[in-house]
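Please have the model open as you read.

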Amino acid sequence: MREAQHADDAMISLTVNGRSHRVEAAPETPLLYVLRDDLGLDGAKFGCGLGQCGACTVVVDGRAVLSCLTPVAVLEGRAVTTVEGLGSPEAPGPLQAAFIAENAAQCGYCIAGMVMRAHALLSANPHPDEAEIRAAMALNLCRCGTHMRILAAIRRAAARRIAGAAP
Amino acid sequence: MSGPLLSRRTLVVGGALLVGAGLREAALPGAARAAGAAGLPGSLARHPRIDAWIRIGPDGGVTVLTGKSELGQGLRTALIQVAAEELGLAPETLALVTSDTALTPDEGYTAGSHSMQDSATAIRHAAAAARAALAEAAGRRLGLDPAGLSVRGGAVLAPDGRRLPVRDLVAEAALAVAAPAEAPLRDPAAYAVVGRALPRVDIPAKVAGGPAFIQDFRAPGMVHARVVRPPRAGARLADLDAASVAARPGVIRVHRDGDFLAVVAAREYDAVTAMRALAGAARWEGGARLPDPATLFDALAELPAERTLIHEAGADAPAPAGRTVRARYRRHYQMHASIGPSCAVAEFDGTHLTVRSHAQGMFPLRQAIAEMLGLAEARVRCIHHEGSGCYGHNGADDAAADAALLARALPGRPVRVQHTREQEHLWEPYGAAMLTDVSATLDAGGRIAAWDYTVRSPTHLTRPPRAGQLLPARSLAQPFAAPPPKALPQPEGGGDRNAIPLYRLPKARVTHDFVTAMPLRVSALRSLGAYMNVFSIESFLDELAEAAGADPVAFRLAHLDDARARAVVEEAAGRFGWGRALPRGRGAGFAFARYKNLAAYCALAVEVEVARESGRVRLVRAHAAVDAGQVINPHGIRDQIEGGVIQAMSWTLYEAVRFDADGLRSRDWSTYPIARFPDVPDRLDVHLLDRPGAPFLGAGEVAQGPTAAAIANAVRQAAGVRLRELPLRPEHVKAALGA
Amino acid sequence: MRLRRTGFGLGIAAGLAACGILACGTLAFAILAWRPALAPGGPAEAALSPERIRAGAHLAALGACASCHTAPGGLPYAGGRPIATPYGTLYGTNITPDPETGLGRWSLAAFARALREGVDREGRHLYPAFPYTHYAGLTDADVAALYAFVMSREPVHQVSPPNALPAWLSWRPVLAGWKLLFFRPRPFAPDPGRDAAWNRGAYLAEALGHCGACHSPRNALSAEVTARAYAGGEADGWWAPPLDGASPAPLPWSEDDLVRYLSDWDPRHGGAAGPMRPVVEAHRAVPADEIRALARYVAGLYGPEPRGARRGPVDREPAGDGPALARGRAIYAGACATCHESGGGAAGGVPYTTASLGHRTTLAAPDPRNLILVLRDGIAPREHAPGPIMPAFGAVLTADQTSDLAAYLRARFSAEGPWPDLPGTVRTLMPAAPAPGARAEARP
Ligand code: FES
Ligand code: FES
């Protein structure tokens, strides 16, 4: 529902989790707000809006991207994946299943961003060593101290892939 | 979480229609209340009725109620386990309702590691009583002795194979009565659900984008608000060009009440940009100056304080002869710094206000908001929704108050308020700066003969229930003043929490200097004063051991009588491999505490590495041994300890709120750095000493103090330097190392 | 791992070959080229007094020694850092006192010769990536203090990878030819007409800090053009701004600004990025009066009215309404404005931002590389200490989008005309930029 129309709103085509959407928004609108408020995808979280915490991380064309500072207009024709795209609470994807198996959440507010950062890492580097995992995750903050569980979940997901389990 | 706002005082959960409470104490006959309350365990003492905790719907669906909240500590899972165990039902069949002023018992705050002691204990007894009531009803029907009946799979089973579904017994089972003092509890030796590492029930939604947080709550017609706070506390709004902001597309209203300023828009991003414009359109004047950080501790030592002697032993004994050691320890202001800024959704229908919040106490919040708005408490309902981990009193209550004020201004529309990162950092109440002074005398045998300890601290509790505790209430045209700060009394204590050592001290004095001034807003941060007191006591114990030429672990054991304390110390030392040689530049450190001297026990052994060139300290590995009484879910406790160690490591090595005379400087993650993945230890092992049948002991905060002290003690061993100020700054390590 | 590039090696192969011919051709040269090995030795105990070590520590910080002699993530001063040149890669050497792989067998005389003459203990000429042209001016006392500092480090047994250079460049006497042409060692000469702080600053900048190694232009043979000292240069693929009257900085650099910039962050100009960042990082351990002295000298280099300072910060919506400009404006509004329009960190906006991007020298620079590199890589958080954080946009902006953004920033926040061939520079610096319309995502 709109109370007033913006003069500069535009129709923007977005592909999110394999589905095409047309969204009416000002081109500079950060992807985070479009995902949450227009597409009803709440996985990506607002943590800082300043590119400092990673809570809003999504994957664009295979790379981890901070949705709080990504104007939606730059994503025209690109493939956005959010944590909803990897599975659902009822049917979690393999990486999500690894997070569940390791109890890798305390409050869980940072976790969707962690999952997406890890997803981008494992897409680019299916067998990361410990230092590579820690370096790749360094920009995402967790205040609950869930780090050991998150690391274990990423190792578990990577090991599962090594073991040849279907993706 | 879209869908209509739940209609007032009704809720459908697990197939059961719950009709709003009225089932607190008042619903019980006076005599029953008195009788019921007497001697009942945990929160049952305040809410003795079985159906305050366990309700069964007409369809047999069972709902468990708690006045506590899920804060990311795994509370939901643990409480479901306890109820399932006693009811004899599968955990996945139970629904759980957490803190809601219209539905659940009032259990105050979810704080102080009380949830297991208070709520799980009450639920355990209430569930056992409910099971007995079901068996009783079935026994009457079947003409059998209820003792011979069991509850399983949604039915009561008789030894002869007859089976009565729970739903058929609902009408006859007497749940609207006080739980008996002696509930027929299950034998812990036969536990099938409690003690198991049941997967957390809330995690699947959190890893897959399911509705999980207040931040995700949606309601039809919901609008988005952002507040604009002054540049510093106490500043007044001198001038405002509201019209230009109100005219922005999408803006519904600019709301001003005194110095409380906010903007509401239909779309969230419009609210964000309008908030920035509004901040630019406001001119503020005045405001409080802050103390000079360079003289923070000198100033703290001079502030007026109320002195309380909280412990004295051997007062008449003469001062012992021997060697006296003294030290002063310091702790800077530190913050909760939740990853998700505070958020709330409120709706006012003209007479009733509903507030959805992630604050730690719905009942006190209701009281404060009712006072702020001049509404009868009965017309305010507060419902807990999960938020980002809070670790104490953060901005959640303030966001709830913001939302309540705006909802009243826009009746009929749910208003969602979310703070910015900067507002969260700048306006949350911090953990207090503190000073401790300790001296002790060692006798000829190297034992502690006398102990004198003073902790000097501002308050650690400025939470609601008073309206003046809500930040926006202080800015209104008719402002509410912040109530004078209060000390929390022993045995739990606030600034003096854990100030009394658990060690054998023949002659001891422990004093609390409660500082009544509060230059920076402070309140409860995970473990309150225990973090600093345990840091001080356990650092000093190492200093004494060193003076006595004793091994730190042996020195502790020589002063510990409590068998459970000794057990965790020995377990941590053993698992760690205490006493083994470490590589150059590394050191081992040890610390122990029993949280509040009445909750869980924790001993911690750590290995650190000190980088000579930078003075930086890295936690390499840690072994924690924990006794939390009867373990409900081992993974729940493990995760609390792991999280506590990592969070406290971050406090201990990196964190101090920065400020200068003009104001606060820690405004975001760039100015308040916390631990990141490369900083966390290579290994972190938690060893649980299960005590089947023993009371549940809260473990959520027990790791904070021991972590600080163990790291400081390890730095001493690795680098030869004793650091007595938190955080342990690399400059100090480096200076001590001599470039 | 990113490589560090220095001016060395920018020269033309033919020029060096000419040196080689010259070298081979003259006996005088052969004599010059040959330098004896010095006898192994180590420090006397007394040489390593704590005062001397402490003095050496802050001198080493002012020289930013660690930035070339420590590999990323490696042990301090143990070498192994790759230093890229157009001819190949050099590796920073191990300068810890390890006898086999570091300086453990170096006497003070050998250490001094290396610093001031560019010859190692074994008598080999050193590549001028090691700034002995500047260190030649170091005092004996400072050399001794630096020696005490390195010799008191933790010895690390670590062999640096062999330099990857063409054979003709690995033949070290070539370097003697280069020295013959360009190396004029002379001790630092104070200017009696200036105050002590200025002179100290001059010494720190010219000798120890080797500021000119990056901030001065180099000739075809990679030698600093002393006649145009501080007219701007480059480092590690970054544009190193001029420190003289040619500075395009929108506000003049005062001594106070430089004190803040060199030790932390300056709200009027912003802070260091790229190869200057480790220099500022190292300065944090330096006594304040040393930074003040350095700032006083550098502030004087700009002269009375540097070029950019006449203009002041620019911030005006660019004229025109082309689609590229509109795209750039939208990217700026969604990606940059949240922080960079918050009013400036000093005024209560997002920390570590300036009042507007019009304060940034980078946007007034003749060369867009610094902007593109910062957009691509962002500013990583400092370890455990307050400092700016900027996300890397290289993972999300395509090359075209980066060009649109950069062009918009240039048009809005500087008085200069468009950068020539901006898209070409972006494509060169962002070979791995996301492609527009890419849809395939590797599924885990
Ligand atoms: S919310 Fe995007 S990085 Fe913090
Ligand atoms: S789990 Fe709470 S912030 Fe990471």
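Helices (H or I, at least four residues) and strands (E, at least two) are DSSP runs, numbered from the N terminus. This is a predicted model, where local features need pLDDT of at least 70 and side-chain atom pairs count only at pLDDT 80 or more, while totals for chains, interfaces and linings use all residues. Residues are numbered from 1 along each chain as its sequence is written, chains are lettered from A and ligands numbered from 1 in the order in which they are written, and side-chain values use heavy atoms, leaving out hydrogens and water.

The unreviewed UniProt entry lists "domain: Cytochrome c" for residues 51-154 and 323-413 of chain C. UniProt positions follow the numbering used here, feature names are shortened, and annotations may be inferred rather than shown by experiment. Residues 323-413 of chain C are 51% helix and 0% strand. The end C-alpha atoms of that stretch are 19 Å apart.

**Aromatic pairs.** Rings of Phe, Tyr and Trp (its six-membered ring) pair if their centres lie within 6.5 Å; planes under 30 degrees apart count as stacked, over 60 as edge-to-face and the rest as tilted. Over all chains there are 22 aromatic pairs. B:Tyr531 and B:Trp651 are edge-to-face, because their planes stand at 85°, with the centres 4.8 Å apart. This pair links distant parts of chain B: B:Tyr531 is in helix H12 (residues 530-548) and B:Trp651 in helix H15 (residues 634-654), 120 residues apart. B:Phe576 and B:Trp578 form a tilted pair, 6.0 Å centre to centre with 45° between the planes. In chain C, ring pairs link C:Phe130, C:Tyr132, C:Tyr135 and C:Phe183 into a cluster.

Buried means under 20% relative accessible area, exposed over 50%, partly exposed in between (1.4 Å probe, protein chains only).

| Residue | Relative accessible area | Class |
|---|---|---|
| B:Tyr531 | 0% | buried |
| B:Trp651 | 0% | buried |
| B:Phe576 | 2% | buried |
| B:Trp578 | 18% | buried |

**Charges over rings.** A charge sits over a ring if NZ of Lys or CZ of Arg is within 6 Å of the ring centre and within 35 degrees of the ring normal. B:Arg463 lies over the face of B:Tyr109, 4.5 Å from the ring centre. C:Arg194 has its charged end over the ring of C:Trp198, 4.4 Å from the centre.

**Chains A and B.** In this interface, 61 residues of chain A contact 70 residues of chain B (heavy atoms within 4.5 Å). There are 8 salt bridges across it (side-chain nitrogen of Lys or Arg within 4 Å of a carboxyl oxygen of Asp or Glu). A:Asp38 forms a salt bridge with B:Arg267, with the closest N and O atoms 3.4 Å apart.
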